[in-house]
Amino acid sequence: MYGNLIFWPAIVLVAMTQLTYAYLLRVKVRENRAGRVDRERWTMHEDAWPAPVRQVNNNLRNQFEMPLLFYAVCFMLWALEAVGIVALVAAWLFVLTRFWHAWIHLGSNRMRPRARAFAAGWWVLSFMVLLVVWRLLGQAVT
Amino acid sequence: MTRDWIFVPVIVQVLLTLLIYVRLIKVKVREMRAGRVDMERRGLHEDAWPDSVLVINNNIRNQFELPVLFYVVSIVLWLLHAVHWTAMLAATAFVLSRIVHATIHLSTNYIPNRRRAFTVGWWILLFMAGLTLWELARRAAGYGPI
């Protein structure tokens, strides 16, 4: 079914988030072996971990903010049978901006490019929300 | 009434969250221009930002707690063909409670009122979860559409 194609970008974003956990574990093990972790406080306190770990933690937290709205919007587009080429392109674009954002966040973590990537995702997601609103309005009229 | 109407309160809640990001960026830019941000540490450390930014960060984080359960419950009600006027009323009231909560959080941030608004949302969501359980139980007993 055509509508099911909307789940492709959604599942790719899920996979990206899962991979970020794998990366988190690697960085944690590395920093721990290097003795840069306060092992008395590490279970309870974020600041027991060095900057590279907190950077990944921050990114993971971010993956549970805007992307959750994206998952909800994808589901609504599917449920409302509003998945067309426009919705699909937008959804893939959103996921691309999230890759771009994570790449910066986990790499250079330079604020200006990171903010730009985040803002691009915000615009694409807002557009997808408008598609849902448009569809609901269309149903209200007919 | 079609079951799709449950998505109206859902999309309003999504819009509320997206708008709070706009507010966040506006306040961030303002505080940076005023020199109140530790520009060296802002990429990694929350405390590099002044309170005016932190309060919005806190509210955004809050939008991904109870409201996420709301999204799940709404979707389940839709899937069960269980969107009746009770569910619609509850969902609309939930989103209203969230708008009130965000308004307090981002203005006076007076805790007793903020907690009250939050608690109202919590009760409504509990009711919606109960409604979902009821619908599931009815189906298990052989009643209802699916």
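These notes go through selected helices and residues of chains A and B in a predicted model.

1. **H1 and H2 of chain A.** Helix H1 (residues 7-33) of chain A packs on helix H2 (residues 51-62) of chain A at an angle of about 165°. Their axes lie 9 Å apart. Angles over 145 degrees count as roughly antiparallel, so H1(A) is roughly antiparallel to H2(A). The crossing of H1(A) past H2(A) is left-handed.

2. **Who meets whom in that pair.** From H1(A) come Thr17(A), Thr20(A), Tyr21(A), Tyr23(A), Leu24(A), Val27(A), Lys28(A), Arg30(A) and Glu31(A). Facing them in H2(A) are Pro52(A), Val53(A), Val56(A), Asn57(A), Asn59(A) and Leu60(A). By class, the contact holds eight nonpolar, four polar and three charged residues.

3. **H2 of chain A, length and burial.** H2(A) has twelve residues. From first C-alpha to last, H2(A) reaches 16 Å, close to the 16 Å expected at 1.5 Å a residue. Nine of the twelve residues are buried, so H2(A) is largely enclosed by the rest of the structure. The buried residues are Val53(A), Arg54(A), Gln55(A), Val56(A), Asn57(A), Asn58(A), Asn59(A), Leu60(A) and Asn62(A). They pack against H1, H3, helix H4 (85-106) and H5 of chain A.

4. **The end of H5 in chain A.** Val141(A) is found in helix H5 (residues 111-141) of chain A. Buried or exposed? The relative accessible area of Val141(A) is 72%, and the cut-off for exposed is over 50%. Val141(A) is therefore exposed. Between Val141(A) and Leu80(A) there are 15 Å in space, C-alpha to C-alpha, and the two are 61 residues apart in sequence.

5. **H1 and H4 of chain B.** Helix H1 (residues 7-33) of chain B packs with helix H4 (residues 85-105) of chain B at about 15°. The axes are 9 Å apart. The two helices are therefore roughly parallel to each other. H1(B) passes H4(B) in a left-handed crossing.

6. H1(B) supplies Pro9(B), Val12(B), Gln13(B), Leu16(B) and Ile20(B). H4(B) supplies Met88(B), Ala91(B), Thr92(B), Val95(B), Arg98(B), Ile99(B) and Ala102(B). Sorted by class, nine residues of the contact are nonpolar, two are polar and one is charged.

7. **H3 of chain B.** Helix H3 (residues 66-79) of chain B has 14 residues, which should span 20 Å at 1.5 Å a residue. Its end C-alpha atoms are 20 Å apart, which agrees. H3(B) is mostly covered, with ten of its 14 residues buried. These are Leu66(B), Pro67(B), Val68(B), Phe70(B), Tyr71(B), Val73(B), Ser74(B), Ile75(B), Leu77(B) and Trp78(B). What covers them? The cover includes helix H3 (66-79) of chain A. From chain B it includes H1, helix H2 (51-63), H4 and helix H5 (111-140). Just after H3(B), His81(B) takes a positive phi of about 55°.

8. **Thr17 of chain B.** Thr17(B) is found in helix H1 of chain B. Its relative accessible area is 0%, so Thr17(B) is buried. Which residues does Thr17(B) touch, not counting those up to four places away in sequence? They are Leu69(A), Gln63(B), Phe64(B) and Tyr71(B). Of these, Tyr71(B) is also among the buried residues of H3(B).

Conventions: Residues are numbered from 1 along each chain as its sequence is written. Chains are lettered from A and ligands numbered from 1 in the order in which they are written. This is a predicted model: local features need pLDDT of at least 70, side-chain atom pairs count only at pLDDT 80 or more; totals for chains, interfaces and linings use all residues. Side-chain values use heavy atoms; hydrogens and water are left out. Axes are lines fitted to C-alpha atoms, for helices over the stretch in contact, and angles run from 0 to 180 degrees between N-to-C directions. Helices (H or I, at least four residues) and strands (E, at least two) are DSSP runs, numbered from the N terminus. Angles under 35 degrees count as roughly parallel, over 145 as roughly antiparallel, 65 to 115 as roughly perpendicular and the rest as oblique. A crossing is left-handed if the near helix is turned anticlockwise from the far one by less than a right angle, and right-handed if clockwise. Contact means heavy atoms within 4.5 Å. Ala, Val, Leu, Ile, Met, Phe, Trp, Tyr, Cys and Pro count as nonpolar, Asp, Glu, Lys and Arg as charged, and the others, Gly among them, as polar. The expected span of a helix is 1.5 Å times one less than its number of residues. Buried means under 20% relative accessible area, exposed over 50%, partly exposed in between (1.4 Å probe, protein chains only).
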